Structures are given as structure tokens and as C-alpha cells.
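Please examine the sequence and the model shown below. The paragraphs that follow lead through the helices and their contacts.

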Amino acid sequence: MEEFRSKLKTKIMLCRILIVVLLIIFIVLKILEHRKVLHGDTNIGFFSTGIIVLVMNIMRMKKALRDEKALKEWYIRNTDERVISIQLKAANFTALFTIFLFCIGMMAASYINDTVAYTLAAASGIYVLIYLGSLAYFNKKM
């Protein structure tokens, strides 16, 4: 259980680092926008939502670290083979469905705008390469 506790502490530290990075990027974008280097409005919703989600995750992890019962529940939820199997199947389905949607979008865009079709083709190609690469890696690893 101590090993899992240290993993949670590491995740908390990574979340804090990510919060700082998001804040720095947002501030730099606002400064560039103010100096008229960037035109348009920086998407404050993206950064604020990311920070809020990270803070909420930190709070949940800290609660689990303080309460032994909550830590056990968190451990079971993250190490249960059934839950892990369900997550893997859902992730695999999502990846394949995303590839399918990319291809449908690419075919539809080819009738409207070639630039969008080429962009979707490149994105779907990269996505397929990443999917196949990770599939080969994990098949070899396991």
C-alpha cells in the first residue's frame, strides 16, 4: 500500500507541475495578445477548465492519502482486473471508432474542400500509425 501511496504523491506533484505550465502558457498568450502579436482572443475556457479539473483531482488524491478507507477504495478501483479490462476494451473501441470517424469526415470533406480533406487524411494517418505502434509495443511488452 505504501508503494501506491507514493504513486499518488507523484501524481499529485505532476498535476501541480501541469497547473503551473498551463498558467505560464496562458499568461504568455495573454501578453502576446496584449502586445498585438497574436490576434483574436485566447481561449480562457480551455485553460480554466484544465486547471479546475487538475485541482479537483489533486483534492481527491489528497483525500485518499489522508483517509485509509478512501485509499483502499482508490487502490481497488485502479488495480481491479475487471475494471482494467473494461477500460482497455473501451479505449480500443474508442480508438477504432475515432479512426472510422476520421475516414468518414475525410470522405465528406473531399467533396467540399481539398485542404480539409488532406488535413483529415494526415491526421487519420498519424492516428493509425500511433495506434498500430502502441499495439505492437504492448503486444511485445506483454
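This is a predicted model: local features need pLDDT of at least 70, side-chain atom pairs count only at pLDDT 80 or more; totals for chains, interfaces and linings use all residues.

At what angle do α1 and α3 pack, and how far apart are their axes? The angle is about 85°, and the axes lie 11 Å apart. Helices here are DSSP runs (H or I, at least four residues; strands are E, at least two), numbered from the N terminus. Axes are lines fitted to C-alpha atoms, for helices over the stretch in contact, and angles run from 0 to 180 degrees between N-to-C directions.

Residues are numbered from 1 along each chain as its sequence is written, and side-chain values use heavy atoms, with hydrogens and water left out.

In the packing of α1 with α3, Phe4, Arg5 and Leu8 of α1 meet Glu68, Leu71, Trp74, Tyr75 and Asn78 of α3, where contact means heavy atoms within 4.5 Å. By class, five residues of this contact are nonpolar, one is polar and two are charged. Nonpolar covers Ala, Val, Leu, Ile, Met, Phe, Trp, Tyr, Cys and Pro, charged covers Asp, Glu, Lys and Arg, and the others, Gly among them, are polar.

Helix α1 (residues 2-34) also packs with helix α2 (residues 44-66), at an angle of about 160° and with the axes 10 Å apart. That angle makes α1 roughly antiparallel to α2. The contact of α1 with α2 comprises 20 nonpolar, one polar and five charged residues. In the loop between α1 and α2 is lysine 36, a residue other than glycine whose phi is positive, near 65°. Lysine 36 is exposed, at 63% relative accessible area; buried means under 20%, exposed over 50%, and partly exposed in between (1.4 Å probe, protein chains only).

Helix α2 has 23 residues and reaches 33 Å from its first C-alpha to its last, close to the 33 Å expected at 1.5 Å a residue; the expected span is 1.5 Å times one less than the number of residues. Its buried residues are Phe47, Ile51, Leu54, Ile58, Met61, Ala64 and Leu65, and what covers them includes α1 and α3. With helix α3 (residues 68-79), α2 packs at an angle of about 120°, the axes being 5 Å apart. Here Arg60, Met61, Lys63, Ala64 and Arg66 in α2 meet Glu68, Ala70, Leu71, Trp74 and Arg77 in α3. Five residues of this contact are nonpolar, none is polar and five are charged.

The buried residues of α4 are Ala95, Ile99 and Ala109, and their cover includes α5 (114-141). Phenylalanine 100 in α4 is partly exposed, at 47% relative accessibility. Serine 124 belongs to α5 and is buried, with a relative accessible area of 7%. Apart from neighbours within four places in sequence, serine 124 is in contact with Phe102 and Met106. The C-alpha atoms of phenylalanine 100 and serine 124 are separated by 8.9 Å, with the two residues 24 apart along the chain.

Key
Angles under 35 degrees count as roughly parallel, over 145 as roughly antiparallel, 65 to 115 as roughly perpendicular and the rest as oblique.
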